[in-house]
Amino acid sequence: MICGRKARPAAEQLRAPSDGAGGSRRPGRALKKMGLTEDEDVQRMLQGSLLWKVKAKGGGGERLFRLQEDGVTVCFEGRFGRARSPRSWPPQEPRPGRPRRGGRSPLGAGARQADGEAAGHEPDGKARPVSSGGVLGVWGQGGDGCRWRRVVSLPRCGWIHGVLQRADRNRDNKMSFREVKSMLRMLNIDMDDVYASKLFKECDHSGNERLEGRELEEFCRRLLRRPELEELFGRYSGEDRVLSAEELQDFLRDQGEDCSLRHARAIIRTYELNETAKQQDLMMLDGFMMYLLSAAGDIFNQEHTKVHQDMNQPLSHYFISSSHNTYLTRNQIGGSSSTEAYVRALRAGCRCVELDCWEGSDGEPVVYHGHTLTSKILFRDVIESIRDSAFEKSPYPVILSLENHCGLEQQATMARHMKAILGDRLLTQPLQGQDPHHLPSPEQLKEKILVKGKKLPELWQEPRGVTSLLDPEEEEEEEEEDEEEEKVQERSPRRSLQSLQEIKPLQAKDAAQVSPELSALVLYCQAVPFPGLAHALRHPQPCHMSSFSERKARKLIREAGPALVRYNTHQLSRVYPLGLKMNSANYNPQEMWNAGCQLVALNFQTPGLAMDLNGGRFLPNGRCGYVLKPPCLRCPPGDAPRRLALHLRVITAQQLPKLNRDKGSSIVDPFVRVEIHGVPADCAKQQTHHKLNNGFNPRWEETLRFQVRVPELALVRFVVEDYDSTSCNDFVGQFTLPLPSVRQGYRHIHLLSKDGAALAPATLFVHVRCKSL
């Protein structure tokens, strides 16, 4: 149990009196919690009633039936006063007469009234039905009182009832498999057809391919059942299976949450489905499950779903979500370009988008990947898309990273388009009162669009004043392209990239120059060649920004990592993938974040580990695209990070999709791998054993242990894989989040697909413990 929780003493069971009179009995704890201590019917059930026990093969005799104090079980005594084993209270009431042959009566083989005064008899000696005031009425109504206020009840099926009626299209009170699938959609349960069919057949006891009555009730119960949550509920509620506000308070304390009694009562009022229980500050299993499976039970800290960090620090103190070749929808050699790619990136929280600008026909610049077969889109259309989507998901500044290959005339056209289309959102003047030796903050730049590009020296501001400024990123990419081309030609001499290099984009002779109109729009993100760490640290220029290929960034980290961290405390740096990767593959961004690089640009159109880590890095702070770097990267060396021991007990999963959907019989053999991504010393992975042919509710109960030295930089990635999968990239689902955003206690995890989309029904349930070392 969590943090050495003490075992709960078993609920006291009161012995039933042996005399047939059924004297007064002290109400049990369960009935008191349910508010049934004053119920007259329940009191009579506690005292006991003489009923006739009917056996299925005939015969029977009088028995004294008594309800136990737990409100769930019933005991009966034979003619010699010997008590029999208690039976769980069934979801039926006693009824008069014998059961049908082969049928089953709720109390033993069968039960009927033995109170002659209340029941009366027919001429043939059989018991006749009685009014609600009789003994059977007492047990029926009193049983209802217990049953509908207990875990035996189906409050979930109460609200499902209306859905069932809507799904029952022909109003025959029976549900075909098609109607059941319709019901699941109404309940927002995206259950796989294989699992839904299997569950349907298991509940179709009549074999008529229709569910009705108790078959449908069983289907609902099994559909919504979570055994691991039932066990957890029982651990805190005790034998009476009802959770008081004080017991919920104990659970919250063990979870490491607000454990005030007021908070516990607020949770009951929010999630409990039974109105009677809610009024008495009690929680049933269904309410407890609703609570644990809601956002309140998510492993991701819900306070981090909104902007909660200090947004008034310089831009250089933040990781900034950045995209490379944003215009591409597929690979960067022959894929198509689209303005929709910018919309998707911005809606995903990206705050720095790239525009590769080339000379276009009719005087209109275009955006595409030069020297390749990628399609072209108008620069003007790109700016319009950015205008419409820039601040749809985040109010914080957007940076337009321009890779400029246009001549002076079309550069001026670019500047006119940006000013006309973006209007007041485009930052065209330095902020008033801003120290030129410090970068402004995201808060100061809210709903502003910044241009990153080349800038003329201050003395050259007249239109005639043009100069040749080498684009640092262009220089890097040309160098990398030459190296990559040589390697490709060595590997495949027959089919090299030479044909692609022969595709000459339309480029003006003065494309190496910068126009004053475009230069004037560059304020805080001036692209400059990297002067070297020694020079940059001696003469910091906060508004100067250099770009590094992934190869050069790794070299700097390897040779002068601490110096690069200091450089990144006051200046922005951008890292981008190698130029001629055919499949637009990404690099591991974690090593760049470890060095404090702010704009770690990735191909957003390429799913995989890199984009999973990027999604996890920018998941907190309201997914606004800006995440404050930890203190060790803002003011190094600073205090030593707090080391943590992380224990993750993987308990169960629910409704995991199969990988091979074309094969109807395909079922996953799932296992869970947990990865830690952070500084090199923290990178580690462990996994559970696999479960054979069970993707619906596999259960592991395995604990994975990690030691994390720099938790502020660590990401935790949960991956569910199929044991039989041949590809390491072909996983069932994953979810990544920063370790500081992980909540302790019993938590559920909503898995994501390879492309980052939600796998709605697929979840993991884990227990998390963190301890300082």
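Tutor: Let us begin with the lining of the largest pocket, whose residues divide into 17 nonpolar, 15 polar and six charged. Here Ala, Val, Leu, Ile, Met, Phe, Trp, Tyr, Cys and Pro count as nonpolar, Asp, Glu, Lys and Arg as charged, and the others, Gly among them, as polar. This is a predicted model, in which local features need pLDDT of at least 70 and side-chain atom pairs count only at pLDDT 80 or more, while totals for chains, interfaces and linings use all residues. Residues are numbered from 1 along each chain as its sequence is written, and side-chain values use heavy atoms, with hydrogens and water left out.

Student: What is the volume of the space in the largest pocket, and which residues lie closest to its centre?

Tutor: The space in the largest pocket comes to about 1,000 Å³. Of the 38 residues that line this pocket, Ala348, Gly615, Asp755, Gly756 and Ala757 are the closest to its centre. Two or more lining residues come from each of helix 14 (339–347), helix 23 (609–617), strand 27 (733–738), strand 28 (745–752) and strand 29 (758–772), and helix 23 gives the largest share, five residues.

Student: What makes one space a pocket and another a cavity?

Tutor: On a 1 Å grid over the protein atoms alone, a cavity is a set of points where a 1.4 Å probe fits but cannot get out, whereas a pocket is an open set with protein on both sides within 12 Å along at least five of seven lines, and lining residues have an atom within 4 Å of a point. By this rule there are four cavities of 30 Å³ or more, and the largest cavity holds about 80 Å³ of space. Ten residues line the largest cavity, with Leu402, Asn404, Gly453, Lys454 and Leu518 nearest its centre. Strand 13 (398–404), strand 14 (449–453) and strand 17 (522–527) each give two or more residues to that lining, which by class has six nonpolar, two polar and two charged residues.

Student: How do you know how helix 10 and helix 11 are oriented to each other?

Tutor: The axes of helix 10 (residues 245–255) and helix 11 (residues 261–271) cross at roughly 105° and come within 9 Å. Angles of 65 to 115 degrees count as roughly perpendicular, under 35 as roughly parallel, over 145 as roughly antiparallel and the rest as oblique, so helix 10 and helix 11 are roughly perpendicular to each other.

Student: Which residues of helix 10 and helix 11 meet?

Tutor: With contact taken as heavy atoms within 4.5 Å, Ala245, Glu246, Leu248, Gln249 and Leu252 of helix 10 meet Leu261, His263, Ala264, Arg265, Ile267 and Ile268 of helix 11. The residues of this contact divide into seven nonpolar, two polar and two charged.

Student: Why is helix 10 described as mostly covered?

Tutor: A residue is buried when its relative accessible area is under 20%, exposed when it is over 50%, and partly exposed in between. In helix 10, eight of the eleven residues are buried, namely Ala245, Glu247, Leu248, Gln249, Phe251, Leu252, Asp254 and Gln255. Just after helix 10, Gly256 takes a positive phi of about 80°. Over the chain, buried residues make up 55% of the 773 residues.

Student: What makes the peptide bond from Pro636 to Pro637 cis?

Tutor: The omega of that bond is near 0°, and Pro637 is found in the loop between helix 24 (631–634) and strand 22 (644–654).

How values were computed. Points joined across faces, edges and corners; volume = space filled by probe spheres on them. Helix = DSSP H or I, 4+ residues; strand = E, 2+ residues; numbered from the N terminus. Axes fitted to C-alpha atoms, helices over the stretch in contact; angles between N-to-C directions. Buried < 20%, exposed > 50% of the residue type's maximum accessible area, 1.4 Å probe, protein only.
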